[in-house]
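Here is a short tour of one protein, written for someone who likes to look at geometry. Please keep the viewer open while you read.

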Amino acid sequence: MDKTTNPSAIAWHNNNLIHLSQFLAPVLGAYGSAAPVGSQDLDKMQVASRQNVRSTAVRPKAAARRVQVISARYSNWRDQLANSSPSSSSSSVEPKKILMMGGTRFIGLYLARQLVEAGHEVTLFTRGKKKVAYEIPDDTPSSFASFSRSIKHIQGDRMDFPEVERKLAREGFQVVYDINGREAVEVEPVLKGTKSTLEQYIYCSSAGVYLKNDMMPHREEDAVDPKSRHKGKLDTEELLRKSGVNFTSIRPVYIYGPLNYNPVEEWFFHRLKAGRPIPVPGSGQQVTQLGHVKDLATAFVQVLGNKKAARQIYNISGERFVTFDGIAKACAKAMGAPEPEIIHYNAKEFDFGKDKPFPMRDQHFFASVDKAMADLDWQPEFGLVGGLTDSYNKDFGRGTFRKEANFKCDDLILEKIKGSAFSAPKASAAAAPAPAMSRASWR
């Protein structure tokens with residue numbers, strides 16, 4: 001039966017039309033357009049969206065970038081409607097032999113699973129100090145068993161450059177995902193060891209490389225800071241450019257999610273659980289951005305074999321921005337806790353020594369993800385509260401966390417501002433702490 005007369009195919013195409021009309025409704029709102037019902041309406045929608053932006057006098061560059069995103073999504077939908085069927089594959093990339101440098105800590109745990117599930121052969125290069133098949137909260141017994149059978153491993157020290165080159169030269173890897181590279185010199189032996197078979201080098205950089213700018217959000221073409229603490233990431237991107245290899249560099253902002261080893265959401269969860277005020281530097285209106293680890297992993301997968309991603313850099317994070325105060329409130333919502341008391345303080349009035357009083361840099365720090373959305377057919381799955389809820393329910397809420405709570409800086413702030421350190425309510429003080437849970441108890 002032809003897909004044009006197959007009832008299930010027709011229903012599938014009509015459903016996609018509905019989703020597309022919902023997506024472009026805000027653009028067409030200015031024209032009073034009704035929801036589209038056919039392919040001719042889709043063409044009208046694209047024209048209308050462009051006319052809408054042309055007529056916009058405010059922020060023309062931002063409007064033009066939004067048209068790029070809309071046009072790319074429109075094209076993807078039109079191609080699917082014309083050429084796809086309900087049973088079509090979500091990826092046209094043939095199975096690859098993939099090397100991942102790292103992969104047992106946070107980002108790589110989720111990325112490796114997505115790659116294996118997509119049919120690729122994935123090998124982790126690690127020192128062997130952690131289990132290669134590391135269980136995550138999303139695993140079921142069967143999915144973890146399947147992943148454990150599929151994942152491969154090369155044990156070695158990345159800083160032993162001759163060993164790295166020698167061990168990789170005999171493997172025939174087609175794609176490298178470099179998740180833990182910090183300095184350019186660490187990349188050189190990987191390039192040498194894979195040069196005869198390498199098709200694509202995908203690098204995890206950082207949005208921390210951008211130079212402070214009065215114009216926000218940061219875009220991929222913005223100036224970078226050669227004095228950044230992430231200078232090694234910049235040097236690596238430059239090395240990859242000069243090497244002539246097909247590379248893509250991903251620049252995440254703040255990453256969060258279950259098993260996060262950086263105390264981003266965990267910092268807030270500890271204080272909310274203890275019923276403590278949340279100390280926030282300055283006015284609390286500093287704007288920043290968080291991206292869920294699973295959205296980041298998906299973006300990494302979308303880069304694979306994507307011609308548009310060749311020799312490109314992409315910011316990856318959540319689509320929306322949020323204030324420091326907003327993060328505290330969002331974390332409370334994720335926990336089902338009351339809205340917290342927020343204490344603002346001037347960091348310059350304190351000597352915290354080597355202790356870190358707040359988990360984020362005290363400045364506006366956020367980036368546009370429009371380019372990634374346009375080129376990679378990617379969109380974040382998680383909104384902030386939903387993503388924080390996912391992180392809480394699958395990690396901190398189960399009694400697991402990476403770092404013990406440290407309220408030393410909090411008490412210094414409270415003593416100065418309120419005249420006394422925090423005293424826990426009697427009920428909270430008497431309550432026994434929840435026991436830490438093993439990964440086996442996640443199920």
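Two rings of Phe, Tyr or Trp (for Trp, the six-membered ring) count as an aromatic pair if their centres lie within 6.5 Å, and planes over 60 degrees apart make the pair edge-to-face. By this rule, the protein has 16 aromatic pairs. Please bear in mind that the model is a predicted one.

Two of these pairs are set out here.

| Pair | Centre to centre | Angle between planes | Type |
|---|---|---|---|
| Tyr 177 and Phe 300 | 6.1 Å | 70° | edge-to-face |
| Trp 267 and Phe 358 | 5.2 Å | 75° | edge-to-face |

Where do Tyr 177 and Phe 300 lie? Tyr 177 belongs to strand β4 (residues 175-178) and Phe 300 to helix α10 (residues 293-303), so their pair ties together parts that are 123 residues apart in sequence. Both Tyr 177 and Phe 300 are buried.

Trp 267 counts as buried because its relative accessibility is 8%, and Phe 358 is buried with a relative accessible area of 5%. Together with Phe 268 and Phe 324, Trp 267 and Phe 358 form one aromatic cluster.

Seven strands form an open sheet with parallel pairing, in the order β3-β2-β1-β4-β5-β6-β11. At its edges are β3 (152-155) and β11 (312-316), each of which pairs on one side only. From one strand to the next, the twist averages 20°. Within the sheet, β1 (residues 97-101) and β2 (residues 121-126) run parallel and are joined by five bridges; in one of them, Ile 98 of β1 has Val 122 of β2 as its partner.

Is Lys 167 buried or exposed? Lys 167, in helix α6 (residues 161-169), counts as buried because its relative accessibility is 15%, under the 20% cut-off. Beyond its neighbours within four places in sequence, Lys 167 is in contact with Ile 154, Gln 155 and Gly 156.

Finally, the whole protein. The protein contains 15 helices and 13 strands, and 49% of its 443 residues are buried. Of the contacts with a separation of 6 or more, 80% are between residues 24 or more positions apart.

Conventions
Residues numbered from 1 in each chain as written. Predicted model: local features only at pLDDT ≥ 70, side-chain atom pairs only at ≥ 80, totals over all residues. Heavy atoms only, no water. Helix = DSSP H or I, 4+ residues; strand = E, 2+ residues; numbered from the N terminus. Buried < 20%, exposed > 50% of the residue type's maximum accessible area, 1.4 Å probe, protein only. Contact = heavy atoms within 4.5 Å. Pairing = 2+ DSSP bridges. Axes fitted to C-alpha atoms, helices over the stretch in contact; angles between N-to-C directions. Phe/Tyr/Trp six-rings, centres within 6.5 Å; stacked < 30°, edge-to-face > 60°.
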